[in-house]
Amino acid sequence: MKKIYPVLLGGDLNCYNVARAFHEAYKVRSVAFGRYAISATKYSSLIDFNIIPDIDDEEVMLRTLKDYAESHKDGRLILFGCTDDYATMIIKNKDKLPMYTCPYTLPSLIDPLSKKAAFYEMCDKYDIPYPATVVLSENATEDELSEKKLGFPYPIIIKPSSSVDYWKFPFDGMKKVYMAKSPADAVKIVCEIYASGYPDKIILQEYIPGGDASMRVFTAFSDAKGKVRAMCLGHTMVEEHTPKGLGNHAAIVTENTAEFPLTGKIKAFLEDLGYTGFSNFDIKYTGNGDDFRVFEINLRQGRSNMYMTAAGINVAKLAAEVYDSDGDDCVLCENEHFWHHVPKSVAYTYTEDASLVEKAKKLADAGAETSSLWYTADIFKNPLRFICVVEQLRRQKKKFRIYYPKK
């Protein structure tokens with residue numbers, strides 16, 4: 001195999017998880033380009049991190065990647081985008097980056113899948129269940145947002161249809177997802193979002209009861225020919241609860257993917273579309289039988305992708321060895337594994353499902369446990385990284401005390 005050069009855009013936990021996967025698989029360092037240093041990757045010996053303030057500009061990104069490729073012709077270049085913005089830029093410019101393996105989908109699928117309003121229309125076509133939804137394209141009155149008009153009761157969930165566009169228009173009180181308890185709340189939230197300059201549609205959705213442990217994360221990987229080659233299901237223990245981090249997975253226990261009711265539908269959906277590369281689905285269990293509802297698809301590996309690597313399906317190997325390979329075999333993860341990026345004590349304390357906590361503890365006792373940040377190969381003889389990781393974990397405890405206090 002030719003020498004592998006992992007090239008990552010971003011600097012967050014997603015970036016670190018991918019770099020760690022490459023190091024575990026091939027003992028190589030990754031190069032990363034980001035706008036500024038982030039604690040998740042700071043002082044890491046796994047990553048050569050380069051600060052380029054305007055790397056999120058397409059021309060700058062392309063010039064940077066082409067320059068790097070020009071000086072690394074002796075090996076294989078594999079490109080990962082670690083945020084929605086970076087992944088979208090890579091997808092749009094795949095034809096301009098033929099020197100890189102880019103494990104992402106086709107440009108024609110960006111709008112139909114990344115914009116939630118269009119994605120739900122696709123779900124209807126493929127019989128994939130999702131929460132009852134109303135789509136807005138402008139401000140609305142309290143009467144228009146009444147329970148009678150919406151067709152489902154309050155509280156409701158409010159979120160932008162296009163996450164990529166939404167984060168380009170920051171404002172005070174900005175959240176990843178909102179909950180409105182009344183039509184008056186809903187009007188206020190919708191008006192604030194549109195007042196920021198956000199140009200796309202807004203999703204109003206029925207609230208499905210249940211805490212973080214009702215959530216599932218589902219990751220699929222399709223090869224360059226559109227065949228699904230790997231799938232992995234994670235049962236969320238607890239999520240982050242800071243305003244801008246709400247919904248980010250903090251701890252996950254993997255479960256048998258073959259037994260999940262939506263596995264077959266998601267596989268058929270992706271293959272019929274000719275989808276390529278990583279896809280990541282947020283899903284919630286309603287508490288009734290096999291009734292799971294899909295919230296969204298991310299056109300990249302999820303931020304918590306280490307849960308998949310830790311369970312035995314290394315995301316770096318998928319990109320390096322499976323993406324351009326021939327075959328129609330699909331690996332369904334069956335291993336149970338406890339992954340977390342917060343301290344174990346936080347996962348145990350804030351997970352509401354006692355049986356899930358018990359399962360995580362048993363897995364930890366059996367050695368089937370992985371902490372993203374606590375990677376011996378990175379912190380051994382690296383005191384700055386060690387101190388950085390300890391401080392990050394300490395701050396996680398503080399964040400949960402502030403934003404998710406125990407009742």
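Q: Where is Gly-81 placed?
A: In this predicted model, Gly-81 belongs to strand S4.

Q: Why is Gly-81 called buried?
A: The relative accessible area of Gly-81 is 0%. Buried means under 20%, and therefore Gly-81 is classed as buried.

Q: Which residues does Gly-81 touch, not counting residues up to four places away in sequence?
A: The contacts of Gly-81 are Leu-9, Tyr-86, Ala-87, Ile-90, Tyr-104, Arg-300 and Gln-301.

Q: What makes S1 and S4 a pair of strands?
A: Strand S1 (residues 3-9) and strand S4 (residues 75-81) are joined in the parallel sense over seven bridges. At least two bridges are required for pairing, so the two strands qualify. Within S4, Ile-78 is the residue opposite Pro-6.

Q: What is the order of the five strands in the open sheet?
A: The order is S3-S2-S1-S4-S5, with parallel pairing. Strand S3 (47-51) and strand S5 (100-101) are at the edges because each has a single partner strand, which leaves one side of each without a neighbour in the sheet.

Q: Which strands does helix H1 lie across?
A: Helix H1 (residues 13-26) lies across S1, strand S2 (30-34), S3 and S4, and runs at about 170 degrees to S1. Helix H2 (residues 58-70) also packs on the sheet, where it touches S1, S2, S4 and S5.

Q: Why is Trp-374 called partly exposed?
A: Trp-374 has a relative accessible area of 38%. Buried means under 20% and exposed means over 50%, so Trp-374 falls in between and is partly exposed. Together with Phe-386, Ile-387 and Val-390, Trp-374 forms a nonpolar surface patch.

Conventions
Residues numbered from 1 in each chain as written. Predicted model: local features only at pLDDT ≥ 70, side-chain atom pairs only at ≥ 80, totals over all residues. Heavy atoms only, no water. Helix = DSSP H or I, 4+ residues; strand = E, 2+ residues; numbered from the N terminus. Contact = heavy atoms within 4.5 Å. Axes fitted to C-alpha atoms, helices over the stretch in contact; angles between N-to-C directions. Patch = residues over 30% accessible without salt bridge, like charges linked within 9 Å, V, L, I, M, F, W, Y side chains within 5 Å. Areas by Shrake-Rupley, 256 points an atom, 1.4 Å probe, with all protein chains shown as cover. Salt bridge = Lys/Arg side-chain N within 4 Å of Asp/Glu carboxyl O. Buried < 20%, exposed > 50% of the residue type's maximum accessible area, 1.4 Å probe, protein only.
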